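Student: Please take a close look at the aromatic rings in this model and at what surrounds them. I would like one connected account.

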Amino acid sequence: MALKLFNTLSRSAQEFVPLDPAGKRVGLYCCGPTVYDFAHIGNWRTFIFGDLVRRYLEFKGFSVLHVMNITDVDDKIIKKVRESNLPLREFTGTFESAFFDDLKALNCLLPHQTPRATEHIPEIVSLIEKLLARGLAYKTPDGSAYFSIEKYRGSGSQYGQLVKLNFDEMRVGERVRTDEYAKEAVADFALWKARVPEDGQVFWPSPWGPGRPGWHIECSAMSMALLGPSFDLHLGGEDLMFPHHEDEIAQSEGAALQPQGQRFVKYWLHGAHLLVEGKKMSKSLGNFFTLRDLLAKGFTGREIRYLLLTARYRETFNFTLEGLQGAHTALLRLDDCLKKLRELAGDTIATDHPALLNQFSDSLDDDLNIAGAWGAIFDWVRETNKKLAENALDASNAAAALAAWEKLDSVLGVGSPPEVAVPPDIATLLEARQAARKAKDFKRADAIRDELKAKGWTIEDTPKGARVKRL
Ligand SMILES: [Zn+2]
């Protein structure tokens, strides 16, 4: 089955066909973090969505070049740099490394390229120069440069491709300097912001005076520098659709670098909002969580990743602490089944793949219907447990099932749980219990079982002997 993705540009699910004539290489760009704070769980939903898209494309045999920018200069960063009195790089470096730690904790694959905006100033300046030369941008007396919506529309281009804009009802023609602006206004936006005293040492030279880039131009310049002027997939949260992504299109297509008949981006994918405990996340409501907050509550990155991966990306998802408890239980069920299969399979080499793989890819081909994929996986767990209980599986069945699971997990990335080492005192008790059983001292054996239970361990008697497991 062919992969279909919902393209915001066409507002429909379209078959995914990469620009590469050989149908192999895929360019994927995800808007990355603005490193002025720790990323929150809503941000992580989007980054995990990006990770899923990349992993699934690789599963389908594509060769993906995954780029995620690091916004390390913008209004919010400059404000915080001013407040902290730290040099820019030192301030952003802390949050940048925290971001990569979190990415790892959530088992997201590291994007192949993670360009920093501050290291692409020449590309940004050159793109602005092209827009000025084409008459789509203008300079202001203070040494800033702005993108002209009116000129862009006048050139026959459409502003408002991802969102429908009603120019009659919107305030048009105002100019905004800030990176984020009101959704009810269509405004000329800053490409280059002339240095002001509040910027401190955060500025770079440019042909039209010292200053810094606007946020939107950073993504246009870096994505085109690394993926070419026309690439396959651009992802982000739906809150970035307007104005950020709309402005990215205007800048990138305005510079007219694309080959004849090609767009800046072929497929735009947007992830839906995340609610937390049924409400929009906010610090005042107490439902605002960074990944670190949740890890501190005792949840694992694996459980959080699993929960964020249970709903399809285009659906609003309600993230709850109760849901995280449920994730813990669901993963235990899965782990238990896999463990039994591993014991049964031993060293047997898999010869075939069961139908599970097909069900999995049929679901994900349908615009990444991951809820359907999980449904198939847990049906399979139930069936497998039944067959295991009936002794209806042999080693080669088990090996085939495990091989299929490994392939699925290359997409899901929930992996195996970390092996829990058995402490020496627990191991000694287990040995004593086995010795008691051998000596037919069942009273003593039961007493040891109770003692282990009190210490948080349970005994499982398996064909290969007894072992202990964490309760
Ligand atoms: Zn962006």
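Tutor: Searching the whole of this predicted model gives 21 aromatic pairs. One of them joins tyrosine 56 and phenylalanine 59, whose rings are stacked, with 5.4 Å centre to centre and 20° between the planes.

On the H1 side the contact is made by Leu52, Arg55, Tyr56 and Phe59, and on the H13 side by Lys407, Asp409, Ser410 and Val411. The stacked pair of tyrosine 56 and phenylalanine 59 is thus part of this contact. By residue class, the contact of H1 with H13 has four nonpolar, one polar and three charged residues.

Other rings occur in a group or beside a charge. Tyr29, Phe231, Phe264 and Trp268 make up one aromatic cluster. The ring of phenylalanine 203 has the charged end of arginine 195 over it, 3.9 Å from the ring centre. For phenylalanine 288 the charged end is that of lysine 283, at 4.8 Å from the centre of the ring.

Next, the nonpolar cores. In soluble globular proteins, nonpolar side chains tend to be buried together. Here the largest nonpolar core contains 77 residues, and Ile41, Leu233, Ile304, Phe319 and Ile377 have the most contacts inside it. Isoleucine 41, if neighbours within four places in sequence are set aside, is in contact with Leu274, Val276, Met281, Phe289, Thr290, Leu294, Ile304, Leu308 and Phe319.

Glutamate 96 shows a charged residue in a buried position. This residue lies in helix H3, residues 88-105. Its relative accessible area is 8%, so glutamate 96 counts as buried under the 20% limit. Leaving out residues up to four places away in sequence, glutamate 96 touches Val35, Ile70, Arg89 and Arg116.

Terms used: Residues are numbered from 1 along each chain as its sequence is written. This is a predicted model: local features need pLDDT of at least 70, side-chain atom pairs count only at pLDDT 80 or more; totals for chains, interfaces and linings use all residues. Side-chain values use heavy atoms; hydrogens and water are left out. Rings of Phe, Tyr and Trp (its six-membered ring) pair if their centres lie within 6.5 Å; planes under 30 degrees apart count as stacked, over 60 as edge-to-face and the rest as tilted. A charge sits over a ring if NZ of Lys or CZ of Arg is within 6 Å of the ring centre and within 35 degrees of the ring normal. A nonpolar core is a set of buried Ala, Val, Leu, Ile, Met, Phe, Trp, Tyr and Cys residues joined through side-chain atoms within 4.5 Å. Buried means under 20% relative accessible area, exposed over 50%, partly exposed in between (1.4 Å probe, protein chains only). Contact means heavy atoms within 4.5 Å. Helices (H or I, at least four residues) and strands (E, at least two) are DSSP runs, numbered from the N terminus. Ala, Val, Leu, Ile, Met, Phe, Trp, Tyr, Cys and Pro count as nonpolar, Asp, Glu, Lys and Arg as charged, and the others, Gly among them, as polar.
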